[in-house]
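Trainee: I am new to this structure and would like to look closely at a single part of it. Could you take me through that part slowly?

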Amino acid sequence: MFDTLMLLLGPLLGFRLLGALGVRRFADWRVAAGHGLAFMLVFTGAAHFVPDTVTVMPGHDDMVAMVPPFVPFPHLAVYATGVLELLGALGLVVARTRLAAGVGLAVLFVLMFPANVHAALEDVPLNGDPATPLWFRIPEQLVFIAVALWAAGVGAGRAEPAPVRGDAAGPGRAPTGCPRSRRRR
């Protein structure tokens, strides 16, 4: 029941620890959270493609069993959501795509929520483990949505700007070769 949440929290804290130890990329909690969520999504997204012969994680057929009956083409839906999770993970670690990825993932988490409700109500096991009960799954899903939006910079006043290529000149100064840096004659 706590496995997926630990796939988020463990890496998030690990990345933030790296930031505290001097790795500048992870000096910010939001960036560390985005990378932690990306780590989790690599595993959850990969599960959409794993055959049932792999026993260390849920597989494709487990995911298909979670799909509510009203969703057409459940195998295709599972493959598509797996691809979207993996693309979202990639988008979270690239500063220029972090906003779009975070918002897109939040929407994806909302759209996939009926599958989690269906799995809980129908007692669909995942890799032989019982379905996550709704009393846990609802707050867990809200955490995933909140982390995706927070990592993207939504609600933080403004999203983190994409770094400008070659911008080593510092704040308020134009990078070398930029028209603003040339003297006017």
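Trainee: Which residue forms a salt bridge with Glu140?

Mentor: Glu140 pairs with Arg137, and the closest N and O atoms of this salt bridge are 2.5 Å apart; the term stands for a side-chain nitrogen of Lys or Arg within 4 Å of a carboxyl oxygen of Asp or Glu. Before going further, please keep in mind that this is a predicted model, in which local features need pLDDT of at least 70 and side-chain atom pairs count only at pLDDT 80 or more, while totals for chains, interfaces and linings use all residues. Residues are numbered from 1 along each chain as its sequence is written, and side-chain values use heavy atoms, with hydrogens and water left out.

A search of the whole structure finds one salt bridge. Its two partners, Arg137 and Glu140, both belong to helix α6, which covers residues 134-152; helices here are DSSP runs of H or I with at least four residues, numbered from the N terminus. Within α6, Arg137 and Glu140 are three residues apart, which is about one turn of the helix. An α-helix has 3.6 residues a turn, so residues three or four places apart point the same way.

For contrast, consider Phe39, which is found in helix α2 and counts as partly exposed because its relative accessibility is 35%. Helix α2 itself is mostly covered, with 14 of its 19 residues buried.

Conventions
Helix = DSSP H or I, 4+ residues; strand = E, 2+ residues; numbered from the N terminus. Buried < 20%, exposed > 50% of the residue type's maximum accessible area, 1.4 Å probe, protein only.
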